[in-house]
Amino acid sequence: MSVSAGLSPATLSALIALVRKHTGIAMTERKSILLERRLRPRMQALEIGSYQAYLDKVEQDRAEIPHFIDLVTTNDTLFFRTPQVWDYVEQEFLPQWWQTHQGKRLKVWSAAAASGEELYSMAMLCEEFQEAHPGFSYQIHATDISQQILAVARAGEYTGRSVERINVSHPDWVKKYFKPSAKGLQVVDALKKNVELAQHNLLTPLKPHKQFDLVFLRNVLIYFDQEHQETVLKQARHSMAPHSRLILGESESIGGLNTAYHFDRPMIYTMEKSG
């Protein structure tokens, strides 16, 4: 079945409201073409001929909501994206944490983990640190609102830009932590042993409640309006230990928001005042 003409102004407004309701993401009318392109294949598969009819289905059929969330969320990441972040984690955060927390397990939260490149980047750093520091242990809790993208992260199989990037940046680690697959590269099982994945909406409390030492919340806030940005940061704070570090994306700043975080350096925020 073909899909009828594009989104009418009224349907577009209703769609934008529905996106915000289920994901918290703030979209504008400028995203109409993007939304049409993302929804069209699903509508054709369901033999639904109009965008309004599909919106009605989402509102009336709870089973369709996860599919809708998968369609409207953006998941774009790479291994070791923004090298200065990973230099900080490797050269400063891990050694400093280990110096004051020996005998404890490092707990990391990769929020909005998408397809998993971020969480496996962290796992590789932790594995390397563990080799040099016997007794070190870690746990990575990775979450995303999209069940579909979590399945990709769980499989740990990558191709395209992700493979090209890590082949250039960490060729030795590719040999150590990946194996060839039909599509490209797949992380070895040993890299998954300290990783757990779960669905989570960042606007809601994380359950079960945990206290993390390091939280990645990168390139997420840019999709929310100020109200929801503050809600996301508040929810994250409840899951952070007093000494924890929050890492944001390079284009994100929370200086103008009502939060309890303290600026440490670009992209890094703390729960404590420095000095």
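Residues are numbered from 1 along each chain as its sequence is written, and side-chain values use heavy atoms, with hydrogens and water left out. Because the model is predicted, local features need pLDDT of at least 70 and side-chain atom pairs count only at pLDDT 80 or more, whereas totals for chains, interfaces and linings use all residues.

**Exercise 1. Describe the division of the chain into domains and the contact between them.**

Begin with the bounds, which come from an automatic or database domain assignment: the protein chain is divided into domain 1 (9–72) and domain 2 (83–270). Next, take the centres over C-alpha atoms, which places domain 1 and domain 2 29 Å apart. Finally, with contact meaning heavy atoms within 4.5 Å, domain 1 contributes eight residues and domain 2 contributes 11 residues.

**Exercise 2. Determine how helices α1 and α4 pack, and classify the residues of their contact.**

First, identify the helices, which are DSSP runs (H or I, at least four residues) numbered from the N terminus, as are strands (E, at least two). Helix α1 (residues 9–23) packs with helix α4 (residues 65–72) at an angle of about 105°, and their axes are 10 Å apart; axes are lines fitted to C-alpha atoms over the stretch in contact, with angles from 0 to 180 degrees between N-to-C directions. That angle makes α1 roughly perpendicular to α4, a term covering 65 to 115 degrees. The contact is then assigned to Leu 15, Leu 18, Val 19, His 22 and Thr 23 of α1, together with Ile 65, Phe 68, Ile 69 and Val 72 of α4. By class, these residues are seven nonpolar, two polar and no charged (nonpolar: Ala, Val, Leu, Ile, Met, Phe, Trp, Tyr, Cys and Pro; charged: Asp, Glu, Lys and Arg; polar: the others, Gly among them).

**Exercise 3. Locate the largest pocket and describe its lining.**

A pocket is an open set of points on a 1 Å grid over the protein atoms alone, where a 1.4 Å probe fits, with protein on both sides within 12 Å along at least five of seven lines; lining residues have an atom within 4 Å of a point. The largest pocket holds about 610 Å³ of space, and among its 29 lining residues Thr 74, Ala 112, Asn 219, Val 220 and Tyr 223 lie nearest its centre. The lining comprises 14 nonpolar, eight polar and seven charged residues. Domain 1 and domain 2 both give residues to this lining, so the largest pocket lies between them.

**Exercise 4. Find which element gives the most to the lining of the second largest pocket.**

The second largest pocket has about 160 Å³ of space. Both α5 (83–101) and β8 (240–247) supply at least two lining residues, but α5 gives the most, with six residues.

**Exercise 5. Characterise the backbone at Pro 208 and Asn 219.**

Lys 207 and Pro 208 are joined by a cis peptide bond with omega of about -5°, and Pro 208 lies in the loop between β6 (195–199) and β7 (212–216). Asn 219, in the loop between β7 and α10 (226–238), has phi near 55°, a positive value in a residue other than glycine.

Terms used: Parallel < 35°, antiparallel > 145°, perpendicular 65-115°, else oblique. Points joined across faces, edges and corners; volume = space filled by probe spheres on them.
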